[in-house]
Amino acid sequence: MTIQDIHKIAQQGEGLRIEFKKKAAFPEKIVREVVAFANTEGGYLLIGVDDDGTVSGQRFIEEEVFVMEKAIKELIFPALACEVSMFKLSAKKGVALFTVPKSVTRPHYLFSNNRKQAFVRVKDRSIQASKEIWEVLKRSRQPKDIGFTYGEKEEILMKALGNQDFITLNEFRKMAKLSKFTASRTLIRLVLANVLAIVPQENEDLYKLKDSLT
């Protein structure tokens with residue numbers, strides 16, 4: 001990796017696998033991006049790059065890296081290893097690149113103020129993972145064939161998805177007259193069986209037939 005490679009990454013703009021930060025202010029918030037990358041498809045966190053992709057650099061880049069490495073070590077569980085590279089733009093300014101792998105021990109989460117929070121990446125944003133996404137991530141670490149019984153509630157779900165592209169947990173729960181727990185378990189099982197795909201959202205996740213994804 002060279003400084004030319006950094007410029008190429010920056011030119012792509014922020015997205016599913018790229019996030020820019022001018023500096024490591026509020027590292028407890030920036031580590032959300034690291035967690036989201038690890039829980040999704042991996043990615044690059046660049047420190048010293050403006051929101052518009054300008055590689056302007058940051059003074060004392062070593063201190064920025066120290067702050068971020070400390071936050072990653074102290075706040076992320078299970079422990080997550082990232083590759084860190086620093087590049088000098090001038091005698092005073094530099095850029096740091098954190099390469100975050102798609103983790104085999106996901107879901108990773110932040111633990112602070114006695115709270116566990118997992119995040120996933122959706123386009124150019126990192127959003128908090130729902131309980132359903134958390135469970136799917138955990139159980140998909142060791143893929144195996146998931147069977148399910150095609151009963152009344154599954155029939156109601158499939159009929160609904162034949163008439164609309166997406167359905168939410170609450171819509172399914174009310175439609176099939178199920179408890180939230182049962183509706184949640186049903187959707188999770190169908191996602192793990194590759195029948196449904198889960199689409200993370202800020203407020204309420206969407207579920208879609210897997211073979212209808214575009």
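Angles between axes are classed here as roughly parallel under 35 degrees, roughly antiparallel over 145, roughly perpendicular from 65 to 115, and oblique for the rest. The axes are lines fitted to C-alpha atoms, for helices over the stretch in contact, and the angles run from 0 to 180 degrees between N-to-C directions. The structure described is a predicted model, in which local features need pLDDT of at least 70 and side-chain atom pairs count only at pLDDT 80 or more, whereas totals for chains, interfaces and linings use all residues. Residues are numbered from 1 along each chain as its sequence is written, and side-chain values use heavy atoms, with hydrogens and water left out.

The protein contains seven helices and twelve strands, both taken as DSSP runs numbered from the N terminus (helices, H or I, at least four residues; strands, E, at least two). Its C-alpha trace spans about 70 × 35 × 30 Å along the principal axes. Of its 214 residues, 43% count as buried, where buried means under 20% relative accessible area, exposed over 50%, and partly exposed in between (1.4 Å probe, protein chains only). Among contacts with a separation of 6 or more, 66% are accounted for by residues 24 or more positions apart; contact means heavy atoms within 4.5 Å.

Helix 2 (residues 27–39) packs on helix 3 (residues 61–75) at an angle of about 70°, with the two axes 9 Å apart. The two helices are therefore roughly perpendicular to each other. Helix 2 contributes Pro27, Glu28, Ile30, Val31 and Val34 to the contact, and helix 3 contributes Val67, Met68, Ala71, Ile72 and Leu75. By class, these residues comprise nine nonpolar, no polar and one charged; Ala, Val, Leu, Ile, Met, Phe, Trp, Tyr, Cys and Pro count as nonpolar, Asp, Glu, Lys and Arg as charged, and the others, Gly among them, as polar. Lysine 29 also lies in helix 2 and counts as partly exposed, at 49% relative accessibility. Between the C-alpha atoms of lysine 29 and aspartate 52, which are 23 residues apart in sequence, the separation in space is 20 Å.

Several backbone features fall in loops. The peptide bond from phenylalanine 77 to proline 78 is cis, with omega near -15°, and proline 78 is placed in the loop between strand 4 (76–77) and strand 5 (83–88). A cis peptide bond also runs from arginine 106 to proline 107, with omega near 10°; proline 107 belongs to the loop between strand 6 (93–100) and strand 7 (109–112). Phenylalanine 60, a residue other than glycine, has a positive phi near 55°. This phenylalanine 60 is situated in the loop between strand 3 (58–59) and helix 3 and is partly exposed, with a relative accessible area of 47%. Lysine 177 likewise has a positive phi, near 55°, and is found in the loop between helix 6 and helix 7. With a relative accessible area of 76%, lysine 177 is exposed.

Tryptophan 134 is located in helix 4 and counts as partly exposed, at 22% relative accessibility. Neighbours within four places in sequence aside, tryptophan 134 is in contact with Pro107, Tyr109, Lys116, Gln117 and Ala118. Tryptophan 134 and phenylalanine 119 are 15 residues apart in sequence, and their C-alpha atoms are 8.9 Å apart in space. In helix 7 lies threonine 186, which is buried, with a relative accessible area of 1%. Not counting residues up to four places away in sequence, threonine 186 touches Lys153, Glu154 and Phe172.

The second largest pocket has a volume of about 340 Å³. On a 1 Å grid over the protein atoms alone, a pocket is an open set of points where a 1.4 Å probe fits, with protein on both sides within 12 Å along at least five of seven lines, and lining residues have an atom within 4 Å of a point. Grid points are joined across faces, edges and corners, and the volume is the space filled by probe spheres set on the points. The lining comprises 17 residues, of which Ser130, Lys131, Glu132, Leu169 and Lys180 lie nearest the centre of this pocket. Helix 4 (131–139), helix 6 (169–176) and helix 7 (180–192) are the elements that give two or more residues to the lining. Helix 7 supplies the largest share, four residues. By class, the lining has four nonpolar, six polar and seven charged residues.
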